[in-house]
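Here are my notes on the model, as numbered points. Please keep the structure open while you read.

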Amino acid sequence: MKRSLLAPALLASTLGLSGCISFAADPPPSLLTLTPRTSLPAGSAVTSTRDTAIAIYEPSVPQRINVTRVPVQVDDSSIAYLKDAVWVEKPARLFKMLLSETISAQTGRVTVDGEDPAILADAKLRGSLRHFGYDAPTSSVVVQFDAVRESEEGVIESRRFEATVPGVPAEAAAVGDALNRAANDVAAEVAEWVGS
């Protein structure tokens, strides 16, 4: 009789305790994202042909950026990740969406997803997001994008774009805001370049 009462009691106490134990890391207070400084107004329609549209491809990234954390360059040979700074998606995807929105808003060109084989555009924008994080020795954030564009005529050009925001404290909210500003600066310069 005692054994039959003991088993339910142990089960109940184990279930109650399971609500207090977590095997996963605690979620951050908030998630970071990139917000376009300029975007198309709601209801606006943009039309294009294959020769005036531009395909935007997700940039390649080094492994330190291919995560949802914010890398911190501690010194020439050491990298850490900023506490509580977590992106809602990987930076390459967020930057691609920011580029697409900014280029559409600034140039009036239709931007299409380069990875979608069903939608074709003669002009293409690819590149490498080489830096997208915090530099501890200078207390600054750095966004560096090596862009490669292929024109409608098949001409291929490359150009490096970089934006730095100095004097940023090593805190998630401050770094996230500064990275958003720097990414928007780079996106605006890229839009000007592809619109020329």
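At what angle do H2 and H3 pack, and how far apart are their axes?

1. The packing of H2 and H3. The angle is about 50°, and the axes lie 9 Å apart. H2 is therefore oblique to H3. Here, under 35 degrees counts as roughly parallel, over 145 as roughly antiparallel, 65 to 115 as roughly perpendicular, and the rest as oblique. Axes are lines fitted to C-alpha atoms, for helices over the stretch in contact, and angles run from 0 to 180 degrees between N-to-C directions. H2 passes H3 in a right-handed crossing. From H2, the residues making the contact include Phe95, Leu98, Leu99, Thr102 and Ile103. From H3, they include Ala183, Val186, Ala187, Val190 and Ala191. Contact means heavy atoms within 4.5 Å.

2. Basis of the model. This is a predicted model: local features need pLDDT of at least 70, side-chain atom pairs count only at pLDDT 80 or more, and totals for chains, interfaces and linings use all residues. Residues are numbered from 1 along each chain as its sequence is written, and side-chain values use heavy atoms, with hydrogens and water left out.

3. Overall layout. The protein has 3 helices and 7 strands. Their order from the N terminus is α-β-β-β-α-β-β-β-β-α. Helices (H or I, at least four residues) and strands (E, at least two) are DSSP runs, numbered from the N terminus. Of the 196 residues, 36% are buried. Buried means under 20% relative accessible area, exposed over 50%, and partly exposed in between (1.4 Å probe, protein chains only). Among contacts with a separation of 6 or more, 67% join residues 24 or more positions apart.

4. Helix H2 itself. H2 covers residues 91-107, which is 17 residues. From first C-alpha to last, H2 reaches 23 Å, close to the 24 Å expected at 1.5 Å a residue. The expected span is 1.5 Å times one less than the number of residues.

5. The buried side of the story. Buried residues in H2 include Pro91, Ala92, Leu94, Phe95, Lys96 and Ser104. Note that a lysine is on that list. The cover over the buried residues of H2 includes strands E1 (54-56), E4 (111-113), E5 (123-135) and E6 (140-150), along with helix H3 (172-195).

6. Threonine 102. This residue of H2 counts as buried because its relative accessibility is 2%. Threonine 102 touches Thr38, Ala187, Ala188 and Ala191, leaving aside residues up to four places away in sequence. Arginine 37 is 65 residues from threonine 102 in sequence, yet 7.7 Å away in space, C-alpha to C-alpha.

7. Alanine 92. Alanine 92 is also in H2 and counts as buried at 5% relative accessibility. Leaving aside residues up to four places away in sequence, alanine 92 touches Glu58, Pro59, Val61 and Leu129. Serine 60 is 32 residues from alanine 92 in sequence and 7.1 Å away in space, C-alpha to C-alpha.

8. Aspartate 84 has phi near 65°. Aspartate 84 sits in strand E3 (residues 78-86) and is partly exposed, at 38% relative accessible area. Serine 139 has phi near 50°. Serine 139 lies in the loop between E5 and E6 and is partly exposed, at 29%.

Note on methods:
Left-handed = near helix turned anticlockwise from the far one by under 90°.
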